[in-house]
Amino acid sequence: MSTERQEELAALHAFGLLEGAERDAFVSEFAANLELRALCDSLAGTAAAVALTAPPIDPPAGLKARILAAADQPTGTGRVISFPLLKFAPWAVAAALAIAVTWFASQNLTLRQENLTLRSERQLAEVAYKMAQNQLSERSLLAEKMIAELGTQLRQSEDLTRLKVTALASLAGNSKEAQAIAVWNPAQQSGLLTIERLPAIAATQDYQIWIVDPAYPNPVNGGVFQVGPDGRVALGFKPDQPVAQVAAFAISLERKGGVPKAEGPIVLLGK
Amino acid sequence: MLLATARTFSFTGIALPRRAAGARFQVMAAANDSPELNAQADAQAGLLAAMARGEKAALAGLYDSLAKPLYSLAYRVTNDATEAQDIIQDVFLQLWHKAADYHVSRGSVFSWAATLTRNRAIDRVRMRKRRAEILAESAGELQPAAPAGDTDSAGSLWAQEKAGAVRAALTRLAPEQQKAIELAYFSGLTQQEIAARLNEPLGTIKARIRRGLLQLRQSLPAHL
């Protein structure tokens, strides 16, 4: 027994008044319901009968002959446009579907491969990135080290610029041929003295180096030294007191062991 | 009901002779059991079967039987004689080529042919976008009877008899049901457009179509 709703839908369907989703749903419904299908067929026949209520008009006299003549024509000719190839439509559709499926499958494979390739490229890129990052870190460390070294060198250079180099000259003609150079490092408060051709002295005597600093009333003692038979001296010296400014170096001849305050003759002097 | 059948039909526009009304009503009342009608329907099915075997004479026979009501239908929908001829040619050629596809379970041959004709006609009307014009031209309650409508072959006499039964059944419907069914079948309008045209709620229109069609089915011969 059909419901009122089904009867209504069947009536509308008979007149072709169902559309879209409503029509699709109803077609599905009556396809699975024999009783409803019978109702639909019956109402469709009734609806078709309404055609007979059109005002009767005789068709033109030549129409029958025209139709019979057209019926003789091979399909696809005449006024009626028929499509002989339509009988191949299912095969064409199947072929199209097969082609589409094949195409989609190939596209799928291609995309998968592209995806794999992209993944590999991404992994490679990540590795390269990490390597670059490591190299950058290493280079950064290296650069820091280099910068530190450069800084050190720069500081050393600066230190060098602060070194005071003085050539000492013979005084009073007692060591005319002697050549002496004194280098003073104010940061380290130490100095280096090199002398050549300095005359040898008696065993009871010592040469003594003095640093003249205006801050002190007397030269600061830098220590005593002896000269070898070849007249050469290489002496590192350190003053007894802190030296702020070196005005001059002086070397005097003193008694053995040196004196706290210069007493003997000054043999070399340099400013 | 007797009054309705006795007067000139206003819905269909067919002016039937008043003297024939009583006889027509009797035909309608007995339609469901009429052996002549069943025989004619069977004959049409036989013609279609012969067409399926390639017998061209059968096509001519079916044309004689159905051309007039189908042409009338096509003209009624399109309101254009040239288009109606094209449609009829298309339909008969389709019947010729597709005759083997017909099965009695699909309904009568006439129902099949009428459905093909109507669908093509409505398609053309929609394609031309002349719906408004068509409706305006066919909106009248009274339509003139076709001048050539009385010159009938045996086949179209069958159609006349059927048409009488259908018209008589239609007149037994309420006028608003008749109008709804007329628009539903001939106009190509959607449900909503029919409701708008008749200025009624959509649900009312659906109910009228349902009740009208069911009532019509009760009154019509089984084989049309």
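User: What should I know about the model and its numbering before starting?

Analyst: The model is predicted: local features need pLDDT of at least 70, side-chain atom pairs count only at pLDDT 80 or more, and totals for chains, interfaces and linings use all residues. Residues are numbered from 1 along each chain as its sequence is written, while chains are lettered from A and ligands numbered from 1 in the order in which they are written.

User: Which secondary structure elements does chain A have, and in what pattern?

Analyst: Elements are DSSP runs numbered from the N terminus: helices are H or I with at least four residues, strands are E with at least two. Chain A has five helices and eight strands. Along the sequence the pattern is α-α-α-α-α-β-β-β-β-β-β-β-β.

User: What percentage of chain A is buried?

Analyst: A residue is buried if 20 or more other C-beta atoms lie within 10 Å of its own, exposed if 12 or fewer, and partly exposed in between, with C-beta atoms placed from the backbone. Of the 271 residues of chain A, 23% are buried.

User: How do I read contacts along the sequence of chain A?

Analyst: Two residues are in contact if their C-beta atoms, placed from the backbone, lie within 7 Å. Take the contacts in chain A between residues at least 6 apart in sequence: 56% of them join residues at least 24 apart.

User: Which residues of helix 1 of chain A are buried, and what covers them?

Analyst: The buried ones are Leu9(A), Ala10(A), Ala11(A), Leu12(A), His13(A) and Ala14(A). Their cover comes from both chains: it includes helix 2 (20–31) and helix 3 of chain A, plus helix 10 (191–198) and helix 11 (202–219) of chain B. Just after helix 1 of chain A, Gly16(A) has a positive phi of about 70°.

User: At what angle does helix 1 of chain A pack on helix 3 of chain A?

Analyst: Two packed helices are described by the angle between their axes and the distance between the axes. Axes are lines fitted to C-alpha atoms, for helices over the stretch in contact, and angles run from 0 to 180 degrees between N-to-C directions. Helix 1 and helix 3 of chain A pack at about 45°, with axes 8 Å apart. That makes helix 1 of chain A oblique to helix 3 of chain A. Under 35 degrees counts as roughly parallel, over 145 as roughly antiparallel, 65 to 115 as roughly perpendicular, and the rest as oblique. The residues of this contact divide into nine nonpolar, three polar and one charged.

User: What about helix 9 and helix 11 of chain B?

Analyst: The axes of helix 9 (residues 175–187) and helix 11 of chain B come within 9 Å and cross at roughly 95°. These two helices of chain B are therefore roughly perpendicular. Among the residues that meet are Ala180(B) and Ile181(B) of helix 9 and Ile209(B) and Leu213(B) of helix 11. The contact has six nonpolar, two polar and three charged residues.

User: What is the strand order of the sheet in chain A?

Analyst: Two strands pair if DSSP finds at least two bridges between them. The eight strands of chain A form an open sheet, order 5-4-7-8-1-2-3-6, with antiparallel pairing. Strand 5 and strand 6 (233–237) of chain A are the edges, each pairing on one side only. Neighbouring strands are turned by 20° against each other on average, direction ignored.

User: Why is strand 4 of chain A called largely enclosed?

Analyst: Six of the eight residues of strand 4 (residues 205–212) of chain A are buried, so the rest of the structure largely encloses this strand. Eight bridges join strand 4 to strand 7 of chain A, antiparallel; Ile209(A) has Ile251(A) as its bridge partner there. Five bridges join strand 4 to strand 5 (residues 220–225) of chain A, also antiparallel.

User: Where is Gly258(A)?

Analyst: Gly258(A) lies in the loop between strand 7 (248–255) and strand 8 (266–270) of chain A. With 19 C-beta neighbours inside 10 Å, Gly258(A) counts as partly exposed. Gly258(A) and Tyr207(A) are 51 residues apart in sequence but 7.7 Å apart in space, C-alpha to C-alpha.

Definitions and conventions. Nonpolar A, V, L, I, M, F, W, Y, C, P; charged D, E, K, R; others polar.
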